[in-house]
Amino acid sequence: MNRLTHSIKVALVHWKLGAEYEVQYRMNFVLQIVQSAVRLATGIIAIQLVFGFTTQLGGWTEPELYAVLGIHVLLGGIMATFILPNMFSFMYEVREGELDFALMRPVDSQMFISTRQLGFWSVVDIIVGIVVLGWAFAELAETIGPVDLVLFGIGLICGALILYSVWMAFTTTAFWLIDTDDMATIITGLYDAGRWPIRIYPLWLQGALTAVVPLGVAITVPAEAITDRLTPTAMGTLILVTVVAVTASRAYWQYGVRNYSGASA
Amino acid sequence: MRRLLPIYMVEARAAVQRQAQYRGAAFISVLGFLIEPIVYLIVWRTVAEQAGPINGYGVDQFTSYYIVWTLVRVFNLALAPGAWDWWVRTGRIANDLLHPVNPYHRQLASMAGAKVVWITLWIPVAVFLTILFRPDFSPNLLEGSVFLITAWAGYVIRFNVLWLLGLVSFWTTRAQALIEVVIAMELLLSGRLVPMAVMPSWVQTVSGWLPFKWTFQFPIEVLIGQLTTGEIWRGMAMQALWMGLSGLAIVAVWRNAIRKFTAVGT
């Protein structure tokens, strides 16, 4: 427990330093707002186009799809703020032979390499996601009860943990494959597939987005909690997938570290 | 042009060999690019099943459109403008400037060569998609030949547009926001997100005057037989126009950009 507390303290120090570093570059805040606005506008236009021709998509109404979009943007913001900077930094260090400096630290190595960097201005995406979700909540208020909110919260936490675990597992392959950029393209593509409820996809794709790379289930299940269609099976699956993803990515990382012989000169 | 042709051949052949060495990575890369159209295909098939045909696009047309989309996407892959930021900021471009040939030609040829491998790797994916979604179209030899010409022309236009965008990195290291705006415009105005027939008519008019549609939708519609002969000729004329305009813009901007660049090597 002491080790975990110590690692959390180290993570908080890194985030504080990261935030202080980033606020020096205030222009990046403006640019991030432009980027977030463009992405949000694209998502809204896609939904508007669909609902220009139909009143529901595979049983999902327009406000319900905005709930999915909100979760997609929110989790995307969490990914860009806390996960991606660390994963890209790790891949770079393996390639350049600099990872030894990280592995030698007297803290948990996975925790350390996962919390050193902070994409501070991507917090804008988190805020945008919350705003979109707020609008969807207002539209769906009549069907959302306290239990739904609790399940939604649990679903979001599971979603964030799955996102982290998937990225962790993929970047760990950098120990064996030097060029992991192509894999990043796949994960990004699969994450974007989660912009729509996975229930509209054929079974093979639903299965892939639940069991193989569970990014779709990470977004759809929280959305189901607030759209009155969550089943105990879906919630159980999400929790099971989360436990498996976190455990497996941890085991994979430890296996990778054990087999890593270093590359520095 | 005669001087450049051997250089193009060498660069393209080297790219084929490079990509063939890393077949696994190239296949993963192709798979990564194909997720996007599969999602659009499923969404718009669902809409067409519920709402019926939309301006000439029913379930079959959407299916054919997005399956050919995957091939056009492989054709028009070009150098990501974001790469320029690293290339200029770290001074790595200095190496390329020492070559006697402009990096534009080397990269255009290299990306074109890589496509030979990518298109080969695309074939099994296309077979899989065809079995899964059963598209209903059978292009003839002429349509296939015209498609190849328009797809390569689309690649050159897209390469030029993204190259121009990348050149912004000579003036600022914060080009990402501008890049995102242009990519969003491409997504909405090229037929990449949806066929333009699904868009409001004023958007269709605007898209006809911009380069994006001629890199995505035009080659797709040539192959799935959505265009008349007159429309194909007009489209090819627009492609020629955009290749010329973007080429001239590159010449003008490159001359100024290169004057901005200074580097200290070791």
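A residue counts as buried under 20% relative accessible area, as exposed over 50% and as partly exposed in between, with a 1.4 Å probe and protein chains only. The views below come from a predicted model, in which local features need pLDDT of at least 70, side-chain atom pairs count only at pLDDT 80 or more, and totals for chains, interfaces and linings use all residues. Residues are numbered from 1 along each chain as its sequence is written, chains are lettered from A in the order in which they are written, and side-chain values use heavy atoms, with hydrogens and water left out.

**View 1. B:Arg134, a positive phi in a loop of chain B.** Let's start between helix 6 (103–133) and helix 7 (141–167), where B:Arg134 sits in the loop. Helices here are DSSP runs of H or I with at least four residues, numbered from the N terminus. B:Arg134 is not a glycine, yet its phi is about 50°. Most residues other than glycine have a negative phi. With 63% relative accessibility, B:Arg134 is exposed.

**View 2. A:Asp228, a positive phi in a loop of chain A.** Here the loop joins helix 10 (215–225) and helix 11 (232–259). Phi of A:Asp228 is near 60°. Is A:Asp228 buried or exposed? A:Asp228 is exposed, at a relative accessible area of 58%.

**View 3. A:Gly77, a buried glycine in helix 3.** Now we move to helix 3 of chain A, which holds A:Gly77. The relative accessible area of A:Gly77 is 0%. Setting aside residues up to four places away in sequence, A:Gly77 touches A:Ser122, A:Asp125 and A:Ile126; a contact means heavy atoms within 4.5 Å. A:Gly129 lies 52 residues from A:Gly77 along the chain, and their C-alpha atoms are separated by 7.6 Å.

**View 4. A:Trp196 in the largest nonpolar core.** Such a core is a set of buried Ala, Val, Leu, Ile, Met, Phe, Trp, Tyr and Cys residues joined through side-chain atoms within 4.5 Å. Which of its 162 residues touch the most other members? They are A:Trp196, A:Tyr201 and B:Trp44. Helix 3 (residues 62–96) of chain A gives the most to this core, with 16 residues. Beyond residues up to four places away in sequence, the contacts of A:Trp196 include A:Ile47, A:Leu65, A:Tyr201 and A:Thr220 from chain A, as well as B:Val39 and B:Val43 from chain B.

Notes. Helices (H or I, at least four residues) and strands (E, at least two) are DSSP runs, numbered from the N terminus.
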